Amino acid sequence: MKRILYIDYLKTLAIFGVIAIHLSSKYITHYTLNSSLWFSGLFVESMFRFSIILFVMASGILLIKKNQTIDDIPRRLKRIGIPFIGWFLIYFIIKMSMKYSLTYIISNIFNLLIISILDPTILTVEFWFIYMLIGLYLASPIICSWIRNAEIREIEYFLVIWLITIFIKMLPYNDNIIIYMNMFFGYVGYFILGYYLINKDSELLKSRKFGAVLYIIGTLMTFMGVIAASNFIGELELTFMPLGDLTINACLQAVGMFLIIKNTDFSIIWGKYSDKINRKITLISNLTLGIYLTNVLLINALDKIGIYDISISPFINIPILTVIVVFMLMIILLIMYRIPYV
């Protein structure tokens, strides 16, 4: 299948966003509620809650367009499984060596491995995404078969019910309802949403202005929602920005950003530099999995040596550090993978 350039832009934007979230999170957990740096860090983090969602939407578009079959699953799992296993072991060694003595690790290695495999977030929180992605890959042949044969109206029916469950999930005392509606809940909605957005015939979905409106609404909902919820209970409350961003506000933001990127002609923006810049974007896109798996290690290292200084305004600090982290990891990964820099 011909390479879809806007997917590369979506994945590139998403990985920058993920790193910005990881960098900004320390501002909202470290500083006192309603302090100036807390507000600034919260606003920056609110701007990038679309990041993981764009990865899932991009995967849905690619796999459904390619008509993912059962025979394709081993190749897909191998593509993410091999790098994940490698970095899992690296994180395991680092985490356990920091927490336990060598004697204890050796005598309990099997139990420690099993516990870490069952809950990889013990090693680093971002590993949840890999397990979620594996689940989507395993389900993708069924999803692809249904979507490719479904009418738009049927897809819209599913997405409406899915959005309702996301809204309910954000409400207090929702456990029983979510259990009953669980078949509609989860990241499969984002997986299908991307494909729907490129196949629905609508003038609104071709409008960058509409995308910008959705993005701004989603961002403000996140920012104001966290402020209101946190002040209501007197401590940090992240109902509007939970791990994984299964929220209405993040969904609006992601759809908005998707429409902006999808409907932008980057050849006009970059002009004569288009080919060169597009090659760089494609390169970053190809390295997003490796960057995702390794960015926390580098951020922690920058924190240890004092480069990651949260006394600096996040409006200055986070953009600079995000670029540094991305390009440092690109160089490391290119050397490791022996990929020529084009």
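Asn295 comes out as buried, at 0% relative accessibility (buried means under 20% relative accessible area, exposed over 50% and partly exposed in between, with a 1.4 Å probe and protein chains only). The model is a predicted one, so local features need pLDDT of at least 70 and side-chain atom pairs count only at pLDDT 80 or more, while totals for chains, interfaces and linings use all residues. Residues are numbered from 1 along each chain as its sequence is written, and side-chain values use heavy atoms, with hydrogens and water left out.

Asn295 sits in helix α15, which covers residues 288-304 (helices are DSSP runs of H or I with at least four residues, strands are runs of E with at least two, and both are numbered from the N terminus). Its side chain makes a polar contact with the side chain of His22, at 2.7 Å. A polar contact here is a pair of N or O atoms within 3.5 Å; within protein, one must be able to donate a hydrogen and the other to accept it, and residues adjacent in sequence count only if both atoms are side-chain atoms. Once neighbours within four places in sequence are set aside, Asn295 is in contact with Ile19, His22, Tyr91, Val325 and Leu329 (contact means heavy atoms within 4.5 Å).

Turning to helix packing, two packed helices are described by the angle between their axes and the distance between the axes. Axes are lines fitted to C-alpha atoms, for helices over the stretch in contact, and angles run from 0 to 180 degrees between N-to-C directions. Helix α1 (residues 5-30) and helix α2 (residues 36-46) have axes that come within 8 Å and cross at roughly 155 degrees. That makes the pair roughly antiparallel; angles under 35 degrees count as roughly parallel, over 145 as roughly antiparallel, 65 to 115 as roughly perpendicular and the rest as oblique. The crossing of α1 and α2 is left-handed, a label used if the near helix is turned anticlockwise from the far one by less than a right angle, with right-handed used if clockwise. On the α1 side, Ile21, Ser24, Ser25, Tyr27 and Ile28 meet Leu37, Trp38, Gly41, Leu42, Val44 and Glu45 of α2.

Helix α2 itself is mostly covered, with eight of its eleven residues buried. These are Leu37, Trp38, Ser40, Gly41, Leu42, Val44, Glu45 and Ser46. They pack against α1, α11, α12 and α16 (314-337).

The loop between α1 and α2 holds Asn34, which has a positive phi of about 75 degrees although it is not a glycine. Asn34 is partly exposed, with a relative accessible area of 34%. Asp245 is another non-glycine residue with a positive phi, of about 60 degrees. Asp245 is placed in the loop between α11 (208-233) and α12 (248-262), and is buried, with a relative accessible area of 3%.

Helix α12 also packs with α1, at an angle of about 135 degrees and with the axes 9 Å apart. The two are therefore oblique to each other, and α1 passes α12 in a right-handed crossing. Tyr6, Tyr9, Leu10 and Leu13 of α1 make this contact with Met257, Phe258, Ile261 and Lys262 of α12.

Helix α3 (residues 51-65) packs with α12 too, at an angle of about 60 degrees, with their axes 10 Å apart. That makes α3 oblique to α12, and the crossing is right-handed. The contact is made by Ile53, Leu54, Met57 and Ile61 of α3, together with Ala250, Cys251, Ala254, Met257 and Phe258 of α12.

As for the cysteines, a search of the whole structure finds zero disulfides, a disulfide being a pair of cysteine sulfur atoms within 2.5 Å. The sulfur of Cys251 has its closest cysteine sulfur in Cys144, 20 Å away and too far for a bond. Cys251 is buried, with a relative accessible area of 7%. Cys144 also counts as buried, at 0% relative accessibility.

Ile168 lies in helix α8 (residues 152-169) and is buried, with a relative accessible area of 13%. Ile168 and Tyr215 are 47 residues apart in sequence, and their C-alpha atoms are 21 Å apart in space.
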